[in-house]
Amino acid sequence: MNSVCDPEWDARVRAIIRTRLETGTLRSGPAAQTWAGPGLQRTCDACNSLIDTDDTEFEIVFHDGQAVRFHAGCHLVWEEERHRAGEDERHRDSVA
Ligand SMILES: [Zn+2]
């Protein structure tokens, strides 16, 4: 169900993550540590659905000790989107 190969899922999750990064609902990092393990049926901070036991759960811990959890696929999209956002900012800085 959570497949990065599914373009509809990718577009939906990417839109959610992008909006949350823009509004500050979801942190963009930098991550202090990233852990991966079996899902513990907790809520994914990107797509809000459960990370089931047969999924891989990514836990990202920030420098202040706060943490977010993602599906493996959501984590990939978050990584891409937060880097993209960072590049946009650098670009704006160099123009201004
Ligand atoms: Zn998710």
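A residue is counted as buried if 20 or more other C-beta atoms lie within 10 Å of its own, and as exposed if 12 or fewer do. By that criterion β1 is hardly covered: among its eight residues, the count of buried residues is zero. The model discussed here is predicted.

**The sheet**

β1 belongs to an open sheet of three strands, arranged in the order β1-β4-β5 with antiparallel pairing. β1 (31-38) and β5 (67-71) stand at the edges with a single partner strand each, so one side of each lacks a neighbour in the sheet. On average, neighbouring strands are turned by 20 degrees against each other, direction ignored. Between β1 and β4, which run antiparallel, there are seven bridges. Two of the residue pairings across these strands concern Q33, which stands opposite V61 in β4, and T34, whose bridge partner in β4 is I60.

α1 has 17 residues and reaches 24 Å from its first C-alpha to its last, close to the 24 Å expected at 1.5 Å a residue. In this helix V13, I17 and L21 are buried. Seen down the axis of α1, its buried residues fall within an arc of 70 degrees and therefore line one face of the helix. An α-helix has 3.6 residues a turn, so residues three or four places apart point the same way. The face of α1 turned away from the buried side carries exposed residues, including P7, R12 and E22. After α1 comes G24, with a positive phi near 85 degrees.

**The core**

The largest nonpolar core has twelve residues, among them V13, I17 and L21, together with I60, C74 and W78.

**A loop residue**

D54 lies in the loop between β3 (50-51) and β4. Is D54 buried or exposed? D54 counts as exposed, because it has 7 C-beta neighbours inside 10 Å. D54 and G39 are 15 residues apart in sequence, while their C-alpha atoms are 6.5 Å apart in space.

Notes:
Residues numbered from 1 in each chain as written. Predicted model: local features only at pLDDT ≥ 70, side-chain atom pairs only at ≥ 80, totals over all residues. Core = buried A, V, L, I, M, F, W, Y, C linked by C-beta atoms within 7 Å. Pairing = 2+ DSSP bridges. Helix = DSSP H or I, 4+ residues; strand = E, 2+ residues; numbered from the N terminus. Axes fitted to C-alpha atoms, helices over the stretch in contact; angles between N-to-C directions. Expected span 1.5 Å × (residues − 1). Arc of directions from axis to C-beta.
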